[in-house]
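Dear colleague,

Please find below the structure that I am handing over to you. A summary of the findings follows it.

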Amino acid sequence: MRILVIGESCKDIYQYGDSVRLCPEAPVPVFKCCDRKTENPGMAMNVSRNVMSISDVMTDILTNKNWESITKTRCVDNRTNYVIVRIDSGEDKYMHCKVKEIDYERYDVIIISDYNKGFLTEEDIEYVSNNHPTTFLDTKKILGDWCKNIKYIKINEFEYERTKHKLTSELIEKMIITLGPKGAQHKGAIFSVPKVEIKDTSGAGDTFIAALAATYAKTKDIYESIKQANAHATRVVQKKGVSVA
C-alpha cells in the first residue's frame, strides 16, 4: 500500500523569546529572542510526515525541491505561547508541479495539499483526479467544477464560507468540514471531539488530512477515517509548534 502527497512545502521556524514591554517608538511589543528555536518541514511535507507517523503506509511526496529556502518564521512569546509576528520569506520561489509525469498506478491514495502558491493549478488538480479514483483534496482555492472528480474534499469553516457560493450538491457530498473544537462535519453528521487545552493549531489541518487519507487507505470507511482524523488532530493542537501526531 502506498500514498502520494502532492503540494508545495516550506520550512517552519519557531523562534521563542520574551515580550514584556512595548516599543517606545511604536505601539508594538518588543520581542527578545532566546536560544530556543525549532525548525521542521512544513505544509505538504508536514502532511507527509504525519502520514508516516500515523501509519505504516509507504509514502512518497511530490513537492518543490527548494522548500528549505522558503520559510515561515513565527516569533513566539515563551510565557503565553502567543505568536507576536510571522515572517514569510521566499514566497516567489515556488515552482510548478509536473503532474503528467506521475505514475498513478503505483498509488492507492493521493493527497493533494494545495496552499495556492502557484505550485498547482486548477487544471493540474483536475488532471490528477481524472487519473486516480481515490484523491483527497485540501486546498486554499475557491472550489469549482474542476474538482468534481475528487473523492473527498477537506475544508475548514472559513474556507467553506469563502467558497459556498460555488458549491454544487455534488461537491457538498464530497466535503468534510473541520469545525475546530467542535470536531468535523460530513453529510450533515457531526463528529465531535473532546474538550482539551489548545496550545497551537498550526498544522492541525495537515494532521487531519493525513490521518483521514491514511485510515481510508486501509479501511475504505470514511466515517472511521474522520474519527481517526479528529483524534490525531486533537493530539497535535495540545502541543506547541507544528507537530506530528
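**Surroundings of Asn-46**

Leaving aside residues up to four places away in sequence, Asn-46 touches Pro-41, Gly-203, Asp-206, Val-242, Ser-243 and Val-244. Please note that the model is a predicted one. With Asp-206, the link also involves a polar contact: the two side chains are joined at 3.0 Å. Asn-46 itself belongs to helix α1, which covers residues 44-54. Its relative accessibility is 0%, and Asn-46 therefore counts as buried, the cut-off for that class being under 20%.

**The chain as a whole**

The chain contains 6 helices and 12 strands. Its radius of gyration is 18 Å, which agrees with the value near 18 Å that a compact globule of 245 residues would have. Along the principal axes, the C-alpha atoms fill a box of roughly 55 × 40 × 40 Å.

Burial and contacts can be given for the chain in the following terms. Of the 245 residues, 51% count as buried. Where contacts are made between residues at least 6 apart in sequence, 62% of these contacts join residues at least 24 apart.

With kind regards

Definitions and conventions. Residues are numbered from 1 along each chain as its sequence is written. This is a predicted model: local features need pLDDT of at least 70, side-chain atom pairs count only at pLDDT 80 or more; totals for chains, interfaces and linings use all residues. Side-chain values use heavy atoms; hydrogens and water are left out. Helices (H or I, at least four residues) and strands (E, at least two) are DSSP runs, numbered from the N terminus. Buried means under 20% relative accessible area, exposed over 50%, partly exposed in between (1.4 Å probe, protein chains only). A polar contact is a pair of N or O atoms within 3.5 Å; within protein, one must be able to donate a hydrogen and the other to accept it, and residues adjacent in sequence count only if both atoms are side-chain atoms. Contact means heavy atoms within 4.5 Å. The radius of gyration is taken over C-alpha atoms; the globule rule is 2.2 Å times the number of residues to the power 0.38.
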